Amino acid sequence: MAETAKTAVLQEETRIFNTPQWIIEYSNSYQWMKKKGFKTEKEMREWCSQNYLDFWDEMAQTYADWFKPYTQILEWNPPYAKWFLGGKCNVAYNAVDRHAKSWRRNKVAYYFVGEPVGDTKTITYYQLYQAVNKMANGLKSLGVKKGDRVSIYLPMIPELPITMLACAKIGAIHSVVFSGFSAGGLQSRVTDAEAKVVVTSDGFYRRGKPLPLKPNVDEAVQNAPSVEKVVVVKRAGLDVPMKEGRDIWYHDLIKDQPAECYTEELDPEDRLFILYTSGTTGKPKGIEHAHGGFCVGPAYTTAWALDVHEEDVYWCTADCGWITGHSYVVYGPLCLGATSILYEGAPDYPDIGRWWSIIEEYGVSVFYTAPTAIRMFMKAGDQWPKKYNLKSIRILASVGEPLNPEAYVWFRNNIGGGQAPIIDTWWQTETGCHVIAPLPMTPEKPGSVAFPLPGFNTDIYDEDGNSVPLGYGGNIVQKTPWPSMLRAFFRDPERYMKEYWQMYWDVKPGTYLAGDKATRDKDGYWWIQGRIDDVLKVAGHRISNAEVESAAVSHPAVAEAAVIGKPDEVKGEVIVAFIILKEGVQESEDLKKDIAKHVRSVLGPVAYPEIVYFVKDVPKTRSGKIMRRVIKAKALGKPVGDISALANPESVENIPLIV
Ligand code: WT7
């Protein structure tokens with residue numbers, strides 16, 4: 001980590017893109033700034049961060065309704081925060097109930113667009129309310145109670161947000177597992193969460209074909225003794241075996257359920273969900289989030305950073321299997337009573353103009369996606385977006401990894417009509433909502449995430465816990481808590497402390513270490529430089545090297561594996577595996593393919609190693625830790641540094657150059 005300390009900014013981006021005045025004046029954040037009498041954006045951002053408790057209090061009053069008002073904003077016993085003490089709330093009430101009982105009852109909550117062209121459904125807030133209530137009653141009828149965990153393993157169909165909200169309504173804790181994970185990935189997450197119920201579907205549509213999903217659940221649940229029931233949505237018309245006494249069709253479960261259901265009045269700290277994310281060990285970490293924080297953080301940032309208004313048609317392309325889907329497909333937009341698109345399928349089916357056709361058809365005005373998708377479209381060419389009328393777009397936004405300046409300019413010109421600002425949002429599963437991002441009024445530098453948002457005290461520290469001056473870089477930290485912050489790791493308090501709070505505990509206790517490096521240029525603009533740990537970012541998805549390595553090692557021919565990320569034009573990174581075979585096993589191209597396929601079958605398509613190499617040995621420390629950083633440097637043709645302390649320095653020579 002030492003090399004992160006005070007790295008100087010070498011390259012400077014000098015271009016500035018300004019947002020048209022009408023977009024600025026229309027924006028929620030600008031209107032708030034004017035109302036409060038701040039003269040400049042800088043003055044506003046600074047005041048809100050210095051007075052962060054007052055600021056969050058106002059956001060909590062503005063964006064959420066409380067069954068019982070809270071009496072204390074924050075109780076901070078580092079590393080544990082409690083927000084909105086003494087209050088009662090439920091995020092499902094804020095997201096659904098209150099709209100169903102207001103003028104928004106007939107407003108569209110979701111335009112669902114299935115992958116098969118023409119397979120669409122419009123869901124109003126009142127319809128959403130009924131569907132959530134029926135599923136909530138259905139879950140109750142299966143014995144699900146407050147605090148129980150429900151694993152949700154579904155494609156992007158309406159039943160996914162409906163089941164999340166149904167859990168929230170009755171105080172059950174949802175744990176969504178991305179449907180791109182296979183049986184192994186699902187099994188470890190279901191077992192860790194000790195889920196009572198798994199909700200899945202027969203299958204889903206991908207590139208025109210119905211693909212099965214339920215068999216993964218059957219396999220996973222065999223070794224997950226906590227699971228009592230499996231609920232199955234009929235989506236793809238596939239013939240799937242149903243296990244007597246355990247499996248039940250979703251439509252049968254909700255058929256006779258009443259469309260009214262009591263909404264639990266919860267303590268703001270009651271857990272809303274667990275979401276597993278990858279860390280440096282093979283075991284995924286279950287990040288816990290709370291109801292109170294989720295009533296506030298996502299809604300505030302959906303309104304301020306994404307600038308979603310009542311009359312917008314908003315589309316966040318993320319899958320609910322990731323945090324972006326939780327915060328910006330479900331809780332943020334629904335708490336605002338917004339209208340969103342929910343799209344099931346691939347971006348390139350039936351052709352690579354599909355997304356632009358959806359924007360044209362529904363008049364999407366705020367569009368939130370990921371750099372990997374933008375780069376893929378850029379590669380496919382301007383002719384695709386040119387076929388469609390994209391004039392409805394007012395705001396563009398990006399998340400997941402750095403948006404390179406070239407992609408920024410392409411996105412702005414080809415999708416944003418050369419007008420729309422691009423809100424590049426830096427945040428994490430752990431933060432629950434955006435932390436660093438431009439506002440529509442911010443002059444933008446392509447590739448920069450601009451400044452920490454109002455309410456956050458984000459800084460860059462060197463190794464000793466000193467804030468680095470402008471022009472230098474280091475570790476991103478949070479100096480004060482925020483409502484939608486992670487509360488804990490599910491049943492692993494030690495790891496929670498170690499990974500996020502230990503680093504600066506002796507000098508500045510209560511400092512959150514994000515795990516990313518960043519620099520600030522002379523104007524104070526923030527530039528994200530990537531992770532400080534061994535975590536891969538493949539198509540914006542966080543994948544643990546260690547998890548892929550242990551999947552590879554479970555192949556009968558493999559003795560040991562080391563996994564690194566290789567920079568890729570479209571995906572950001574692709575997975576490269578260096579494999580040491582067991583004694584006597586013959587190397588062959590077929591075996592490479594077989595190992596890659598094996599990893600895919602264990603973890604799912606998200607973790608597929610695109611490149612496999614056989615090596616005799618990999619560099620290790622004397623304690624046996626694989627030195628991925630050394631492997632990566634050698635493989636990419638960069639200086640490997642001092643390797644004299646390695647147990648086997650000669651192994652470095654065996655690592656092939658892969659660029
Ligand atoms: C990590 C968090 C947060 C939703 C999606 C990913 C990287 C995220 C940006 C950005 C550069 C970014 C960081 C972060 N990251 N947004 N705008 N620019 N890097 O969630 O899986 O929890 O990953 O994604 O490295 O730590 P996640």
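**View 1. Buried residues of helix 13.** Helix 13 covers residues 354-362 of this predicted model. Its buried residues are Arg354, Trp355, Trp356, Ile358, Ile359 and Tyr362. Look just past the end of the helix for Gly363. The phi of Gly363 is positive, about 65°.

**View 2. Helix 20 and what covers it.** Helix 20 runs over residues 628-635. Arg628, Val630, Ile631, Ala633 and Ala635 are buried there. What lies over these buried residues? The cover includes helix 18 (545-553), strand 27 (558-568) and strand 28 (572-581). Gly637 follows helix 20 and has a positive phi, near 75°.

**View 3. The shell around the ligand.**

**View 4. Polar atoms at the ligand.** Start with the side chain of Asp424. One of its N or O atoms is 2.7 Å from a nitrogen atom of the ligand. Gly400 uses its backbone instead: a polar atom there is 3.2 Å from a ligand nitrogen. Lys537 faces an oxygen atom of the ligand, with an N or O atom of the Lys537 side chain 2.8 Å away. How much of the ligand does the protein cover? On its own, the ligand has 560 Å² of accessible area, and the protein covers 96% of it.

**View 5. Val399 in strand 18.** Strand 18 spans residues 395-399, and Val399 belongs to it. Is Val399 buried or exposed? Val399 counts as buried because its relative accessible area is 12%, and the cut-off is under 20%. Set aside the neighbours within four places in sequence. Val399 is then in contact with Thr324, Tyr368, Thr369, Ala370, Pro371, Thr425 and Trp427. Tyr153 gives a sense of scale: Val399 and Tyr153 are 246 residues apart in sequence, and their C-alpha atoms are 23 Å apart in space.

**View 6. Thr263 in a loop.** Thr263 sits in the loop between helix 10 (250-255) and strand 13 (271-277). Which residues is Thr263 in contact with, leaving aside neighbours within four places in sequence? They are Phe67, Asn90, Tyr93, Asp97 and Lys169. With Lys169 there is a polar contact: the two side chains meet at 3.2 Å.

**View 7. The nonpolar cores.** In soluble globular proteins, nonpolar side chains tend to be buried together. Here, the largest nonpolar core holds 128 residues. Trp56, Leu128 and Trp304 have the most contacts inside this core. Helix 7 (residues 159-170) gives the core its largest share, eight residues. A second core is separate and has 43 residues, including Phe178, Val217, Val612 and Phe614.

**View 8. Around Trp56.** Which residues does Trp56 touch, not counting those up to four places away in sequence? Among them are the aromatic side chains of Trp83, Phe84, Tyr300, Phe456 and Trp482. Trp56 also touches Val296, Pro454, Gly455, Pro481 and Pro483.

Notes: Residues numbered from 1 in each chain as written. Predicted model: local features only at pLDDT ≥ 70, side-chain atom pairs only at ≥ 80, totals over all residues. Heavy atoms only, no water. Polar contact = N/O pair within 3.5 Å; in protein donor to acceptor, adjacent residues only side chain to side chain. Areas by Shrake-Rupley, 256 points an atom, 1.4 Å probe, with all protein chains shown as cover. Core = buried A, V, L, I, M, F, W, Y, C linked by side-chain atoms within 4.5 Å. Buried < 20%, exposed > 50% of the residue type's maximum accessible area, 1.4 Å probe, protein only. Helix = DSSP H or I, 4+ residues; strand = E, 2+ residues; numbered from the N terminus. Contact = heavy atoms within 4.5 Å.
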